[in-house]
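Please look at the protein chain and its ligand, and read the following report beside them.

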Amino acid sequence: MSNTQISSNIWFEASAPSNIALIKYMGKTDTVNNRPTNSSLSWTLNNLRTFVRIKQNADLKEDQWNPFVRNDLRPIDLSEKGKKKFLDFFAKLKAEFKLTGFFEIESANNFPSDCGLASSASSFAALTLVAHQFAGARYLPKELAKLSQKGSGSSCRSFFTPWALWHEAGAEEMALPLKDLKHMVILCDETKKAVSSSQAHVQVLTSDLFKGRPERAADRLQKLVTALRKPEGQWKNIFEICWNEFWDMHTLFHTSVPAFMYLNGDGFSALSQILEMWHQDGDGPIVTMDAGSNIHLLFRNNQPDAYAKYQEHFNNQFNLWTDSGYQIRKD
Ligand code: DP6
């Protein structure tokens with residue numbers, strides 16, 4: 001009897017974390033398989049997770065996606081386009097794992113879905129994991145990552161923690177001494193973004209400034225890894241490399257044809273306040289932004305006072321995502 005027959009009418013569930021890149025994946029050489037123009041390095045966000053469950057249903061004529069409703073989770077609201085991308089990838093997973101019949105697929109996050117934190121990385125990694133589990137297959141994490149990359153590039157880094165390097169050979173864990181960074185997000189715009197990251201990957205290639213981008217990213221990656229390998233006395237250097245890297249990516253957005261922006265006035269204001277605080281304190285968090293308006297901060301575990309200070313300071317102006325969850329702005 002095949003696994004699929006044994007598994008009928010039982011829900012299979014898996015979850016996967018999101019990740020935040022410090023050296024960015026932006027620009028592809030192959031949009032079908034999501035091959036990147038440069039290597040990237042990310043920190044895994046184990047507190048920001050997507051949960052996916054699937055069940056075979058003999059009454060269905062096609063695979064069907066619905067929000068996963070459970071008390072501890074927040075249902076995802078997928079656009080038609082988002083649903084299609086997810087289901088198209090599920091069809092690829094079914095072919096890979098030789099799954100037949102049609103499925104009910106449900107997904108949800110453990111964080112508010114409408115605050116701009118959602119990433120395709122956790123969703124696609126969780127979908128890959130649950131299909132793998134349903135099939136009773138025994139792929140290595142590296143093989144699962146390669147597969148997941150075809151659904152959404154950044155998801156391949158979500159199979160490794162706490163650091164993931166995605167390079168020519170695929171994604172893998174990178175052993176680095178800093179293993180306990182504290183994450184915070186300043187939520188500068190919680191509405192849906194007008195340009196998807198998949199679209200951004202295409203448009204950045206039209207920027208005049210894309211020339212030299214793969215070389216700049218490779219150079220920063222090498223410098224960042226060197227600093228992260230021996231982080232003593234390197235924190236400011238690490239901050240500067242990551243700061244320059246996200247500005248490099250956002251400048252590509254601002255100069256592509258047509259140009260587009262995620263960074264808004266609130267984000268700009270928050271960034272200049274962060275710089276001011278860094279200058280005053282001579283220390284602070286790593287700062288980065290994805291293809292979105294939110295500002296991600298990473299603190300060392302020996303900076304609890306700085307963490308509290310930033311939380312206090314920015315929660316007066318913004319909603320935040322912190323170690324203890326979603327924090328509504330204090331008026
Ligand atoms: C800016 O992985 O969302 O977050 O492969 O088209 O699904 P697709 O794109 P996606 O791109 C993420 C881009 C980024 C930078 C990064 O995560 O490295």
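In this predicted model, the side chain of K28 has an N or O atom 2.7 Å from an oxygen atom of the ligand.

Residues are numbered from 1 along each chain as its sequence is written, and side-chain values use heavy atoms, with hydrogens and water left out.

The chain is assigned two domains, domain 1 (3-173) and domain 2 (183-327); such bounds come from an automatic or database domain assignment. Taken over C-alpha atoms, the centres of the two domains are 24 Å apart. Domain 1 brings 29 residues to the contact and domain 2 brings 38, where contact means heavy atoms within 4.5 Å.

How much area is buried between domain 1 and domain 2? The value is about 2,700 Å², and carbon and sulfur atoms give 71% of it. Buried area is the accessible area (1.4 Å probe) that two parts lose on being put together, summed over both. L22, K24 and M26 supply 26% of the area that domain 1 buries against domain 2, more than any other three residues.

Seven residue pairs are in polar contact between the two domains, with both residues at pLDDT 80 or more. On the side of domain 1 that touches domain 2, β1 (12-23), β4 (40-56) and β8 (163-167) each supply at least two residues. Here strands (E, at least two residues) and helices (H or I, at least four) are DSSP runs, numbered from the N terminus. The largest share, five residues, comes from β4. By type, this side of domain 1 has 16 nonpolar, eight polar and five charged residues. In this grouping, Ala, Val, Leu, Ile, Met, Phe, Trp, Tyr, Cys and Pro are nonpolar, Asp, Glu, Lys and Arg are charged, and the others, Gly among them, are polar.

The count of salt bridges comes to 20, a salt bridge being a side-chain nitrogen of Lys or Arg within 4 Å of a carboxyl oxygen of Asp or Glu. One salt bridge is found across the interface of domain 1 and domain 2. K24 and D290 form a salt bridge, with N and O atoms 3.2 Å apart. The two residues are 266 residues apart in the chain: D290 is in the loop between β11 (286-288) and β12 (295-299), and K24 is in the loop between β1 and β2. Side chains of opposite charge can pair when their charged atoms come close.

Some backbone points remain. The peptide bond from T161 to P162 is cis, with omega near 0°, and P162 is in the loop between α4 (141-151) and β8. V257 and P258 are also joined by a cis peptide bond, with omega about -5°; P258 lies in the loop between α7 (235-254) and α8 (265-281). N34 is not a glycine, yet has a positive phi of about 55°.

Definitions and conventions
This is a predicted model: local features need pLDDT of at least 70, side-chain atom pairs count only at pLDDT 80 or more; totals for chains, interfaces and linings use all residues. A polar contact is a pair of N or O atoms within 3.5 Å; within protein, one must be able to donate a hydrogen and the other to accept it, and residues adjacent in sequence count only if both atoms are side-chain atoms.
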